[in-house]
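The sequence and structure are shown first.

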Amino acid sequence: MLGSKRQGIAVWLTSLKFARQLRRFGNVHYVSKKMKYVIFYCDQEKVDDTIKKLHTFPFVRDVKPSMRPFIETEFQNAKPDKAKEYDYKMGI
């Protein structure tokens, strides 16, 4: 498991008493009491199978995988423009 790629999954539940059952699928990271959802992480290779299993449970409303591993986080123009930087310092 060390060094393996992980991906987040958001699961909306009918009741939060079922949130503990999701621990067997991966590492539970966050539980929202107000909106009744759970964020947990599992291996990227197991995401599709895990989502299919979660849809079979009657207490699961919706399941969405995180798209973060597929979004590029290195940007083309990382250096700020000198003219804009000067305007920011002046408070314009």
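## Composition and basis of the model

Of the 92 residues in the protein, 26% are buried, where buried means under 20% relative accessible area, exposed over 50%, and partly exposed in between, with a 1.4 Å probe and protein chains only. The model is predicted, and local features need pLDDT of at least 70, side-chain atom pairs count only at pLDDT 80 or more, and totals for chains, interfaces and linings use all residues. Residues are numbered from 1 along each chain as its sequence is written, and side-chain values use heavy atoms, with hydrogens and water left out.

The secondary structure consists of two helices and four strands, arranged along the sequence as β-β-β-α-β-α. These elements are DSSP runs numbered from the N terminus: helices are H or I with at least four residues, strands are E with at least two. Among contacts with a separation of 6 or more, 63% link residues 24 or more positions apart; a contact means heavy atoms within 4.5 Å.

## The sheet

The four strands form an open sheet in the order S2-S3-S1-S4, with antiparallel pairing. Its edge strands are S2 (27–32) and S4 (60–65), each of which pairs on one side only. On average, neighbouring strands of this sheet are turned by 20° against each other, direction ignored; the axes are lines fitted to C-alpha atoms, for helices over the stretch in contact, and angles run from 0 to 180 degrees between N-to-C directions.

Two strands count as paired if DSSP finds at least two bridges between them. S1 and S3 run antiparallel and are joined by seven bridges, with Ala10 having Ile39 in S3 as its bridge partner. Five bridges connect S1 and S4 in the antiparallel sense, and here Val11 is partnered by Val63 in S4. S2 and S3 (residues 37–43) also pair in the antiparallel sense over five bridges, with Tyr30 opposite Ile39 in S3. S1 is mostly covered, since six of its eight residues are buried.

## Gln7 in strand S1

Gln7 belongs to S1 (residues 6–13). Is this residue, Gln7, buried or exposed? Gln7 is buried, because its relative accessible area is 5%.

The side chain of Gln7 reaches the backbone oxygen of Ser66 at 2.6 Å. Such a polar contact is a pair of N or O atoms within 3.5 Å; within protein, one must be able to donate a hydrogen and the other to accept it, and residues adjacent in sequence count only if both atoms are side-chain atoms. Leaving aside neighbours within four places in sequence, the contacts of Gln7 include Phe40, Tyr41, Cys42, Pro65, Ser66 and Phe70.

## The largest pocket

The largest pocket holds about 220 Å³ of space. A pocket is an open set of points on a 1 Å grid over the protein atoms alone, where a 1.4 Å probe fits, with protein on both sides within 12 Å along at least five of seven lines; lining residues have an atom within 4 Å of a point. Grid points are joined across faces, edges and corners, and the volume is the space filled by probe spheres set on the points.

Lys5, Arg6, Gln7, Gly8, Ile9, Ile39, Tyr41, Ser66, Arg68 and Pro69 form the lining of the largest pocket. S1 gives the most to this lining, with four residues, and S1 and S3 each supply at least two.

## The loop between S2 and S3

Lys36 lies in the loop between S2 and S3. Although Lys36 is not a glycine, it has a positive phi of about 55°. Lys36 counts as partly exposed because its relative accessibility is 32%.
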